[in-house]
Structures are given as C-alpha cells and as structure tokens.
Amino acid sequence: MLSFRFAPYSLLVFSLFLASCGGGGDDSGGSSSSSSSASSATSSSSASSASSSSSSSSSSSSASSSSGGADTTAPSGYELTPENAVVSESNQSSFDVTLTGLEVGATYTLSWSDSATGTASNNAVVTSAEITETLDLSSFAEGQIQIALQLADSAGNVGQTIVSNVSKVLTGSSVAISGTITFDLVPHNEFTNGLNYNATIEAPARGIVVEALNASDQVLASTVTDSAGAYSVIVDAETNVRIRAYASMQSDSPAWDIEVGDNTDGNALYAIQGTLASSGTENSERHLHASSGWNGVNAYTGTRSAAPFAILDAVYESLSIIQQADPDIVLPAMDIFWSPNNRATPGANADGDIGNSHFFSGDNAIYLLGSANNDTDEYDRHVVTHEFGHYLDYNVFRSDSIGGTHTLSEELDMRVAFGEGYANAFAAMSLNDPEYRDSSGSSQSVGFVFDVSEGSNANPGWFNEASVHAFVYAIHQAGANNFAAMFNTLASDDYVNTAALTSVHTFGSILKAQNTGLVSVVDQLASEHGFTLSDIYGSSESNDGGVSIALPIYHSLTVDGAATTVCSTNTGGEYNKLGNANYIRVDVPSLGSYDINVVRSSGMTGSDPDFWFMQEGALFGIADGSQQNNEELTRVYNAGPGLIIVWEASNYDNESGGGNVCFNVSMSSN
C-alpha cells in the first residue's frame, strides 16, 4: 500500500490540456492557478487508454567492450499490451496480455499482483517475437492489478521492467477511470547542443502519483502511472471527480519518495489536473498532458508545466538501472527544486539565486536552473541524473568531495575528481547515452557536449574527472552485470566505512577485492587512463600529474614519533586542485587525548596552515585558526586508523596570494 507524502508542500497546479471520452463527458481543462493553453493538439496516439502498449525506453548500446566483444546490451524495445484497461466479470478468468518485440532465446518473466492477493508469475524462454499470455485474475480483489514484464538474455543482460496497470471492477456501483499522463519532452539538437523544440515529443509520465479527488479535494483513489504513463482508478459511480497528477514519484518496495517543487513559491509541489466532472455509470477515460509552454517560434509564452515531469522522467531512468543492481533498494526521501526563476546567480535559493544546478546535502535536495534565455536544465537529462548521482553519494554511498569549480582538463583534488567523474559516468549509464549535453543561451539554442566514453588527452590520471568517468563507463560497458558490481561496491560497508578518503583508488581497489573476476579488466582500464590500482591508498601510484608534491598520495605518521613533512601549492589553481592539500595516515593506538601540531618548515613566509582529522569518513577535529606558521589542536580520538588533511589557507581561498609552502606535522599523546 502506497503512503503518499504531501504534507510539507502547498500545491502549484498547472493548467493543462485534457482529452476525455466515455462516460465522463468532455472536459476542456481547468486549474486552481493561472491558465495557459496547450502548445499543440493531442495526436491520435495520445488518446490511448491504459491498454496502450508499454515499451522499454532504453536504446541499444553499440559501444565496444573492453573484454573482447562481450555482449553487454540489455534487451530493449519489448512491449506489454493488456487486452483492456479494465478486468470485468466477463474476462477475469481469461485476461489476455500480448508481449511483442521479444528477443528470441531470452527468458521473459511476466508477473501480476495486487495489494491484497499477492503476486503470481510465469517464466519461459522466448520462442517467438510475439506471445500472448492468458491470465486468470478471478482470485484477485477489485482494484488495481499491476502486470509487469522483464527480459534477460543468455549473456545475463537484464532489460527494464515494463509495467502496465489495469483495474478490476465487478460491481455496478463502481466505475473505472483510466487514461494516460503525458508531457512535452524536448530533445537536443545534435549540431548546436541546444534544445530542438521542433522535435518535441509527447512522452509518458512514468511512475508518478495520480489521485482522483472529489469537489472538496478529498482523495477518492490513488495510484502510480505505469511504464506507458497509464493509470487506472476505481471510484463510485455518478460522483463528481477530478484527476490530478503530481510531480511526485513514490514507491514502498523498492522504496523512494522524490518530488519536484518550486523553491521560489514556498516549495509548492507541482501538479496538473483536469476539471470536475461526473464519473458516470460506465468506465471512462481521462488523459492529462503537460505542455512545455513554448510558443513554437522563439519563446516561452505559456506555463512550463512539462518541466517538473521531464525532470522526474530522467530520474526514472536512474531508478530503473538502480533496481537492477538492488531490487530492494530503500532510498531516503529527496526533493528537487526547479523554477523558471532559478538563475545562475549566487544568493538565496528562495529568490531563485541558486548559483548553478547542484545537489545540496544540507537540504538533501537538488536545485535546477530554469531561467529562459540564460540556462535551463529541465530537459538536460544528463545534468539531472548527474546531480541524482551526487544524491546517491551522500545517501547510499559515501562522498568526501569538497566540491568547487571543476573542468574536464583540470588536475583536481582526488576527492573531487572521483565524485564528479563518477556522477558523469552515472548519468551516461542511467540514460544509456555517453554524450553528455547541456543547453543554454538565447532560446536555449546552444550548449556543450562531451563524450563520457572518452578520457582526458591532456592530463590523464587519478586526479582528472574525465579519466575517472571514462574508466567507470568502460567497466560498465565491459560486462552485463558490471553496473551492479560497481553500485554494490559503493554501497558496501567496506567502501562507506573505508579508512581512506573517497577516490578512484579506494573505489577501484575495493571493486577488485569484491569481484575477483573483474581484476584484469579493471587494472587494464586503469592503466589506459593513467593510474595504478594497488590499494585504497594508491600506494603504488607513480603519476604525479606534474605536481611533485602530490606523491605519495598519503604520507605516514607515527604517534609520539618523528614529524612528517607535507607541502601545499597553488600551481594548478586553488581550493580543490591537485596539491592544494596533502594527506597523512596515522594509527591511533588507543582511545585518549592527543595533540596534533602543524608548523611551517619552508616556503612562503607568513603561512596559515589548517587541517582536519578524520576517521572512517567522520570529521573528528577542525583546526582552522588564523595564526601564522603554526596550527595546533588537542582533543580525544578513537583507537584505529585516522587521516590528517593539511593545507595552506591562502591556497584554499580562491583569492590572490598563496604559493608553495611545506609543514612539519606531528602527533603526540597526552
């Protein structure tokens, strides 16, 4: 049973185009907020009911694998078509479901379930591209029945789960209202990398919450759309009902709760809805469509009601691939904030001055740009899924990244390089598309693109996000189950509680330890991209990126022993660049009070050393005073491995000044 979370939000309900046929009458729209007209007429294909075919949206990948031509392409393009949107007295014992676009030789799993009766399923090897299954649904209770189809080929590649919802209605006092929820999806122009409004398609709003409401806005029935954007609810006959679709995706098992709100309007939850009309005495259809608001020429002149649903549709793709890795995943609730007022200006989120599209761990929320003729990201699906990757970092995996500006050619702090590189790769893997595009400019007509399958030509290595994203994406392409292997490594206790900082060395070393069959391909790909995976500390790394103080990656320090010398530089830039900070390993012998002392030993005078002390990803001490040439901190630490991260403050402030300086670091017991 789904339990929907709407309490924290007010509602921002868009006007819409609604087509209705059957017993419900002819609805023409309606809204509790400002009105707008549809950008285009609904095509004949959009008037389909819940019995419309559902198809997998993932496309075949033609990228070569590093394992010598192994089949890494999951089955796709298959469809599931129930004979009707409604299961009735006459067809409940022999309800036909047609499966098309099947891959001969693959194994299909067809399952059907409801919240009261449970689940039944059938598994068989595909012998024909089209198969009709006859289901006995007589034992199922009245209400929604979910029918699901999934294919797995002989190489172990698993396709998306295609879902269709039907309603079982037997009594004359109830009727089913069925339909589809769709939105305008604007693709990119492959030549300019801007948005191509002339190629806008009507896409299904998949996995979103739909409610049937009475005249007092009381909920009569709730459901979630299926893979074709179809929904079906059962309500009392001859009752005034409106259908409302929320920019919200919720599920109990697997579990997630993801909503899109307007940060410039009190975090109001976006929704579209139809007008109030009688449910009649017969089953009927009502279809809702969210428009882009584009005038067909050069501007947004209508309400951009499609944007929140386009954002969620990109997240839907990420959820689909995650489910294949962990079918029982439980994700913490997350909000996504988008507004036409969100612009690339730093300031207050409530004013739309979000600086850039980003994930903010403080709110556990993603903020996305929406300012027209400047930078909008609702249709930049790689941007959305990249930020969703950061959400996973902070909620399912672990991230030690310090953030900051970054480019594909820079030599970065290893924590930033891995965090950004993996997020790029995650977007490409989620969307099955290595070409990462981001639109901007007047009429969103220009943008940029980079190929995630390609690494860095200028500065390859463990400190470069392009090297990292190409490395991760290549592992994904090298084997059918490699995404699951990587996902489960990142979610494992070994990784989340590692004594080292998050980096490609930590990730790659633990991935190899947990998946011995991947050792050779992972090592080969690491070598191709300029780094060596020996252990979580990168102890055998020989690539310093031209910054000599970057190696060794971790220095060693003995409590009550001699001081260790580390250095800081800003030769490649400041704050999050290679060489700004250095890392020291230390084993704390027992629980107790210890003193850490950092003293300038050479280089620029008037230095300001700062440091952190960390254990298993937790920050146990911060020393960032302004005194010159020395920094000291005394406190109680736990027994076990720890890390001291040391930097020069003037190499972290992104201001003029800074330079090369070295420090002697010691730790003593009290």
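Quick caveats. This is a predicted model, so local features need pLDDT of at least 70 and side-chain atom pairs count only at pLDDT 80 or more, while totals for chains, interfaces and linings use all residues. Residues are numbered from 1 along each chain as its sequence is written, and side-chain values use heavy atoms, with hydrogens and water left out.

Okay, aromatics. Searching the whole structure turns up 28 aromatic pairs. Rings of Phe, Tyr and Trp (its six-membered ring) pair if their centres lie within 6.5 Å; planes under 30 degrees apart are stacked, over 60 edge-to-face, and the rest tilted.

Back to Tyr270. The ring centres of Tyr270 and Trp338 are 5.9 Å apart with planes at 55°, so we call that pair tilted. Trp338 is buried too, at 0% relative accessibility.

Now, which two tyrosines make an edge-to-face pair? That's Tyr575 and Tyr652, 5.4 Å centre to centre, with 65° between the planes. Tyr575 is partly exposed at 24%, whereas Tyr652 is buried at 14%.

There's also an aromatic cluster, and its members include Phe359, Tyr391, Phe426 and Phe507.

Last bit: charges over rings, meaning NZ of Lys or CZ of Arg within 6 Å of the ring centre and within 35 degrees of the ring normal. Arg304 has its charged end over the ring of Tyr300, 4.2 Å from the centre. Arg585 does this with Tyr537, at 3.5 Å from the ring centre.

Definitions and conventions. Buried means under 20% relative accessible area, exposed over 50%, partly exposed in between (1.4 Å probe, protein chains only).
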